[in-house]
Amino acid sequence: MSRVRDAMIPDPQTLDASASAQEAGTHLVQPDVRAVYVCDDGRFLGVVTRKTLVAEVVAAGRDPRATTVGELAEPPNWTIDPELALDEAFGRLEEWDAERVPVVDGERLVGVLSRSVLQRRLAEDEPPADVDALEV
């Protein structure tokens, strides 16, 4: 049976907790980056999004060069275990209406699971229909 580990995007780009909010902003200006994953000595702390930067830095009048992402990281709403079966993981992403979920092994971020990638993977795992068995 396939597991999350088989379908996740491994080793996502992360920032160390000591990185500045300004550095996070340079990543978040890229259109395909929705969140920056923050780790501290290998331990997953959470995510920083554009919304986080606007609310916690810009609107609060904080200096983005002096504010660390470790101060801003929000714990994720959900995480997935790398050994969870793919069909169970898909059910959870559907239930949570989540497009991407961090994959965490203990406290360590090991990947990201994307609903669209997972849908494709599950479709590939489906056995082809037996054409001869179909009634016309």
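Throughout this description, a residue is called buried when its relative accessible area is under 20%, exposed when that area is over 50%, and partly exposed in between, with a 1.4 Å probe and protein chains only. The structure is a predicted model, in which local features need pLDDT of at least 70 and side-chain atom pairs count only at pLDDT 80 or more, while totals for chains, interfaces and linings use all residues. Residues are numbered from 1 along each chain as its sequence is written, and side-chain values use heavy atoms, with hydrogens and water left out. Helices (H or I, at least four residues) and strands (E, at least two) are DSSP runs, numbered from the N terminus.

Aromatic pairing was examined among the rings of Phe, Tyr and Trp, the last represented by its six-membered ring, with a pair requiring centres within 6.5 Å; planes under 30 degrees apart count as stacked, those over 60 as edge-to-face and the rest as tilted. By this rule there are two aromatic pairs. One of them is the tilted pair of Tyr-37 and Phe-44, with 6.3 Å from centre to centre and 45° between the planes. Tyr-37 is buried, its relative accessible area being 11%, and Phe-44 also counts as buried, at 11% relative accessibility. Trp-78 and Trp-96 form a stacked pair, with a centre-to-centre distance of 5.1 Å and an angle of 5° between the planes. This pair links distant parts of the chain, since Trp-78 belongs to the loop between helix H4 (69-72) and helix H5 (86-96) whereas Trp-96 belongs to helix H5, 18 residues apart. Trp-78 is partly exposed, with a relative accessible area of 33%, while Trp-96 is buried, with a value of 19%.

Helix H5 was then considered as a whole. Its buried residues are Leu-86, Ala-89, Leu-93 and Trp-96. Seen down the axis of H5, these buried residues fall within an arc of 95°, so they line one face of the helix; the arc is that of the directions from the helix axis to the C-beta atoms. The face turned away from the buried side of H5 carries the exposed residues Asp-87 and Glu-95. Asp-97 follows H5 and has a positive phi, near 55°.

In helix H2 (residues 21-28), the buried residues are Ala-21, Ala-24, Gly-25, His-27 and Leu-28. When H2 is seen down its axis, they fall within an arc of 160°, so they line one face of the helix. The elements that cover the buried residues of H2 include strand S2 (14-16), strand S3 (36-40), strand S4 (43-48), H3 and H4, where contact means heavy atoms within 4.5 Å.

Val-57 lies in helix H3 (residues 50-58) and counts as buried, at 4% relative accessibility. Leaving aside neighbours within four places in sequence, Val-57 is in contact with Ala-21, Thr-52, Arg-62, Asp-63, Pro-64, Thr-67 and Leu-72. The C-alpha atoms of Val-57 and Ala-21 are separated by 7.7 Å, although these residues are 36 residues apart along the chain. Thr-52, which also lies in helix H3, is buried, with a relative accessible area of 3%. With neighbours within four places in sequence again left aside, Thr-52 is in contact with Val-57, Leu-72 and Glu-74.

The largest pocket has a volume of about 860 Å³, the volume being the space filled by probe spheres set on the points, which are joined across faces, edges and corners. The largest pocket is lined by 29 residues, of which Arg-34, Ala-35, Tyr-37, Val-47 and Arg-100 lie nearest its centre. S2, S3, H3 and strand S5 (100-105) each supply at least two residues of this lining. The lining divides into 16 nonpolar, seven polar and six charged residues, where Ala, Val, Leu, Ile, Met, Phe, Trp, Tyr, Cys and Pro count as nonpolar, Asp, Glu, Lys and Arg as charged, and the others, Gly among them, as polar.

Backbone geometry was also considered. Most residues other than glycine have a negative phi. Asp-11, in the loop between strand S1 (9-10) and S2, has a positive phi, near 45°, and is exposed, with a relative accessible area of 62%. Asp-41, in the loop between S3 and S4, has a positive phi near 55° and counts as exposed at 77% relative accessibility.

Key:
1 Å grid on protein atoms, 1.4 Å probe; cavity = no way out; pocket = protein on both sides within 12 Å on 5 of 7 lines; lining within 4 Å.
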